[in-house]
Every structure is written in structure tokens, then in C-alpha cells.
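Work through each task before reading its solution.

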Amino acid sequence: MKKYLLITLSFLLFSFTGFQSSPQQKSSDKIINARVDSVLALMTLDEKIGQLNQLSYGIGWGPTVKVSVPDEYKQMIKDGKIGSFLNAIGAEFTYELQKIAVQESRLKIPLLFGLDVIHGFKTTFPVPLGEAATWQPEIVELSAHYQALESSSAGIHWTFSPMVDIARDPRWGRIMEGSGEDTYLGSLMSAARVRGYQGNLSNENIIACVKHYAGYGGAEGGRDYNTVDFSDRTLRDIYLPPFKAAVDAGVETVMASFNEIGGIPSSGSKYLLTDILRDEWKFKGFVVSDWNSIGEMINHGFALDLKNAGEISINVGLDMDMESRSYITYLNELVDEGKVKESVIDESVKRILRIKFMLGLFDDPFRYCSKEREQKNIMTNEIKNVSLDVAKRSFVLLKNEDKILPLSKEYKKIAVIGPLADSKINPLGEWNALGIEEDVISVLEGLKRYVGDKSEILYAEGCKITDPSKDGFKDAIEKVNNSDVIILCVGESRSMTGEAYSRSSLDLPGVQEDLAKELLKSGKSIIAVLMNGRPLSINWLNDNADAILETWFAGTMTGDAVAQVLFGDYNPSGKLPVTFPRTVGQVPIYYNHKNTGRPGDEKNRYTSKYLDLPLTPLYPFGYGLSYTKFNYSGLSLSKDKISSNDQLKINVNVKNIGSYDGEEVVQLYIQDLVGSVTRPVKELKRFQKIFLKKGEEKTVEFTISEEDLRFTAADMNFKSEPGLFKVYVGTNSVDVLENKFELVE
Ligand code: GLC
């Protein structure tokens, strides 16, 4: 009884001695650390282990849902055996769970509620690969901010996002969840999402979780969960920087990945979880496993059994166990056997308690459980308008023959054809949280809303996405023959990209291309609207469609976004964050490749190339057209030599020589010509998205310094090396102006 009073007193003490203020006013970690230590001192070993245990809870959403917590979970919460739930959703339901924790458990430690809020909670935004195509970190930050507003209003404290895995193999279905193939772009997007989610940690913000640490996108063959094996230099220079950017942006949690790197599973890697993350980067937050990634070390052949897996993970610094139940089952035993020190567990517990204090959950465990906020802050017009804007900015114009776009408003009959034309589920993409198809505006709906009674829309599905049946062709052909122009909506289903959705082909699935070929016979112009979560080898469309608009999976407002872009209300400004191969046989193909000893040369047999393919991809990294045209000239450097404390100013003139106002992503790449190790032929180092009225010209200035030239050299030190560099500036990674400079000692 005495101890109970002490606990309550200590809890009350902290609640009423000036800590009533919300977390963002907390003066410093010092105060939080003191509060953490005071709670830790009261905890039994079992209670400590309970904080490291995260379980999933599937439940419908919304205040109307009758919440019923199974006895098993009720008891575990009361016994302090669960520290966090994922997938428990809704102000009312999380309130029910939290109430058990803070009123019926011995120490009243609040629960942490996590969810995959990847590109929207209820209002769905474009999938992250699409958001990356905006090349606007500020827009991506805004998107994350609104995702946090919606989810935090429904009881969520924590999202398992941003996913920052560099992906160079489009067969890998999770390429959709990241920001593509480039480290610099991916790092900026990573930091932007962390800022957007976490903000100032008010109760309109959520804790972010940078994932999947690390190297997950390097899966051999693009086959999800497959072996990853690349050099430490590749790890450090290509795959780790977006994680470091998240840590530098203050991300509070990291998720360990399923994969191994060079024989060591990330969830059991001291090198990743302690040496780099803690010792080098000074990361203070906590690490959560991926779903049973601790247990999967048995399959990897890295752990003997679940107990051994838990012993390995906790000892290398993996703090919270998502769904393997290794920690809750075996840690007590492992401490008794001297295989795990209680002090190690203490460190993990402290990291987790720190987050709960920072979120203000000890001060007010129900501060995220307001049904009034839940009703007020979700699926508002404000958020939908932001989602619409992000969608339009995410679109990439891949082709526009004879300026057929913007679509003339003179067309009286518009055929809207294809399996994705009236789809409401697919624009959601995967990891759509509580986004539902009923809320989605399909392309067909958007076009109808846009044209009203000024044009007639004739719709036919034509075919399914994957089904081989051509029965629908006839109806489509009839509609097309009775129309002036064709808008053909083709691509992938949303369930072809995302987790465990790797494809061995990059072609349009099913008979969609056959449908397009039939429609072409009509002699009508084809405007292809592409919906997909990965690069596709759309060679036939590229050769035969008059225009191609890449829309990715654009979320709730897809139809309005497509209509407004096709008719020119918004001039598309997106650029590809990932290379589009001509065929899967070209994979891996990415812009920042090495030169090799025999760089590909069409005219020279004995060079690095394929007999049956050109050297170039279908569309290069950074590619994207506009309804207008931008001319680049006058690439000039402030110096031809710089030393380590210099800055190099790089100027280029960009003129809008077309007939529409528009935005352009001016891209700056460098090439380190000679190094102690071989260096990529190009590396993106800066970009600026500028707006130019038609006829307007601007001088765009970039500043780089020696720091931008650093890499992991032969001695494994991160540094620059004196020598010659080339500078490339242009509208994508291929069409560039060139200049050069020297870095001197
Ligand atoms: C999944 C994913 C991870 C996600 C987690 C929780 O398996 O790999 O990205 O955050 O489980 O849903």
C-alpha cells in the first residue's frame, strides 16, 4: 500500500509542479529525463519489459464504432504488459484503451498509439513517389502536416513514416512508398516529412518514424524481403543519407528493416542500430522493429529461436518489439540467465518513456482523444484542397505531341476509356489508412464535373487491369468512333505496388496495350493518363499516344486534379524522381551510375551495353515536360577554382519561350572526374522550382561548397578530394548545360 501511495504521489507531484504545460513548452530534455528516471525507479522488470512490447489491434474507425476491448488485451494492459498499440484508431476507441492503462494499471503509464499514416489518414494524398515528383519539399511538408492533423484528431500519436528507402529497382513494389532513386532528393523529402508530421509536437502533430533502416530498397531482383548485399560505401553514400537527414530533422523514432545487409539482418545489427545510429549520429529516440522482424531472424538463420532473436535485438539497441512477442515472452528469463542486463532494458524503456512525456501523455493521457476534434479536423475542404494541389503538382507530363494538351475546350465529344477511368479504389494507392473509395473523385467524375454540359463524355471501361478478356473492346471502340478525342486511363492496380507487391514485368498489365492499339485505329488522338506506383515500360504508348500524363496514385482528389491539368488550369510541373526503363531487362538503370572502364558506346561493340536495346532509358531521372518551353543559357561559375572554405556560385539563365506561364525544376548536378574510388557520372546537388510567366527570363543562382563534394573515400573517411569537377545544369539529368571547376587543397 505504501508503495502505491508513493507512486500516486510521484505521479501527482509531477502533474502539479509546473509540468502542466503542453510538451512543446517543456524547457528541455533535462526535465523530461528527470521525469523519466523518476518513473523508471518505480518500475518492476516486468513493467519495464511491457513498455517494449507493441501489439497490433485491428478495429473499425469512427466514433460510432462500438468499442470492445478483448479481455486478453485488457488484462495485459492492466498488468503493464503492453506499451504501445498499432492500428488502434479513433478518439473513442483509443480513449477506452488509454483509460484502462492510466486508471487500472499499477503505474498508470499511458499507451502510445501508432499507425501507418504514409500519404494520408482519411483524406488521401498522392503516394509518396508522386509527392516526390513535385520536387517541392515544402509541399510535402504541408501534406505531412495535414496528415498529422487528421490522424492526431483520431487518437494517433505516431506514424510509421517517412519511408525513405532509396529504390533503384522498379520491380520492387515498395518503390511507391519512397522518394525514388536519388539520395539528395530523398534526403530533402525525408526531412520535410519529419518536420510536417512532428511540427512542434502539439496535439495536432504526431511522432514520425523513419524507415526501413536500412538498405531495404536494395533487395536483389527487386523482390521484396530479398537479400541485400552492397558495400559499406554504397550503404553510406546512397542508402543512409535520407535516414541521417531524418535524424538531423529531429525524427523521434526509427524502424529497423526486415532485410539483411551482407549477412547481418538490420534488426540484429549492432553496426546499424548502435555504432551508426547512436554513436555516430547521436540519435536519442527509440527504435521499433518492423512487424516481427525480430522473429524473422530465425528464418534468416541468424537466431536459433525467438528467445535468441530477442536477446540479439535488445542487445544491439532495438528498443520496441512490434508483434514478435519475443521481448514480452523471454526478456525476463534472459535477464535471469545473465544474457541481457537489466540496464540495457532500462535504456530502451527510458527512450520510450521520453517520447510519452514529450507527447504530454503523462500530463494528459487523453489529449489526443477528443471526439470534437475528430469531427472538426478530418476530411475538411481545406485539407482536400491541399490534397488537390499536391496531386496536380505531382503529375509529370511525359509526352505532348503537337501540343495537343492543354485539351481544347472545343471538343464536343470526349471518349474516356480504360480500366482506371472510373476507378475510385485504385487512386488511393496502398497504405491508404482510412482513406475510402467512396470519397475518391475518379477521373471520369472529375472530367464530367469539369466539362459540365459543354462537352459530352462517352465512357467505356474497355478492359480490366489484369483480366485477359477483350469483351469490352467493342463498346470502347464504338464510343471512340463517336468521339473527337480519347482520354485513355491505364496503368496498374493499387495492389501492384506496396509491400509484398513486386512484379517481374514493368509492362502495362493485362490487355490494356491491346486496347490502346485497337483505339488507335480510330485515327483519333489518344491522351494517356497513367496510374501506377512504379516506372512502367510504356514503349508503345510513348511511340503512339499523342500525350502521356503520369499521375501515379493521386489520392482522394484525383479526378479534379486530372481534369484541371488536362484542360490547362494548372500547367504540369512534376519531374520524375525515378528512371523509367525501356524494359525490365535494363534494370537496374539509374542516372547516377558509374562510368565503368568501357562506358556504353552504340558504335563500339566492346563497351557496356545490350545488343537489343539503346543505352538510354525510356525517360531519365528528372524528366518532365510543361505546356510551355524553357530555354537554358549562360551557365557561368563565379570561380574556376575553389578551396575548402570557398563558395562557388553557379548561375544559369532560364527563359520561358512558350505560350503558357509555368514552373520549371532547374536541376544542378556535379561530376567528380577522378577519385580515390570511382565516382558516379552525375550526382544531383541542388534544384530550384521556379515560376516564369510566358516570355519571362530569370537568372537562377546556386551556391555549392566543398562540403557538397564529399563522399566515402578509399580510406572510408567522408571527405572531398582535390581535382576536376564538371557542373551540369538543366531541365532533367540528361538535357544539361556543362561547365567545370577545380577543387584545390
Ligand atoms: C509492415 C511494413 C512497415 C509497416 C509495419 C506496420 O510490415 O513493413 O512499413 O510500418 O508493418 O504496419
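**Exercise 1.** Find how many salt bridges the whole structure holds, and examine the one between Asp-363 and Arg-35.

Solution. A salt bridge here is a side-chain nitrogen of Lys or Arg within 4 Å of a carboxyl oxygen of Asp or Glu. Searching the whole structure gives 50 salt bridges. In the pair of Asp-363 and Arg-35, the closest N and O atoms are 2.7 Å apart. Asp-363 lies in the loop between helix 14 (342-358) and helix 15 (371-376), and Arg-35 in helix 2 (residues 29-40), so the pair ties together parts that are 328 residues apart in sequence. Helices (H or I, at least four residues) and strands (E, at least two) are DSSP runs, numbered from the N terminus. Asp-363 and Arg-35 are buried, where buried means under 20% relative accessible area, exposed over 50%, and partly exposed in between (1.4 Å probe, protein chains only).

The model is predicted: local features need pLDDT of at least 70, side-chain atom pairs count only at pLDDT 80 or more, and totals for chains, interfaces and linings use all residues. Residues are numbered from 1 along each chain as its sequence is written, and side-chain values use heavy atoms, with hydrogens and water left out.

**Exercise 2.** Locate the salt bridge of Lys-48 with Asp-346 and state whether its residues are buried or exposed.

Solution. The closest N and O atoms of Lys-48 and Asp-346 are 2.9 Å apart. Lys-48 belongs to helix 3 (residues 45-51) and Asp-346 to helix 14, so this pair ties together parts 298 residues apart in sequence. Both Lys-48 and Asp-346 are buried.

**Exercise 3.** Explain why Glu-664 counts as buried, and describe its salt bridge with Lys-575.

Solution. Between Glu-664 and Lys-575, the closest N and O atoms are 3.1 Å apart. Glu-664 sits in strand 20 and Lys-575 in the loop between helix 21 (558-566) and strand 17 (630-637), 89 residues apart. Glu-664 counts as buried because its relative accessibility is 3%. Lys-575 also counts as buried, at 1% relative accessibility.

**Exercise 4.** Identify the strands that pair with strand 25 (residues 723-730).

Solution. Two strands pair if DSSP finds at least two bridges between them. Strand 20 (residues 662-672) runs antiparallel to strand 25, joined by 6 bridges, and Ile-670 stands opposite Val-727 in strand 25. Strand 26 (residues 736-743) pairs with strand 25 in the antiparallel sense over 8 bridges, with Lys-726 opposite Lys-740 in strand 26. Strands 25 and 26 form a hairpin with 5 residues between them.
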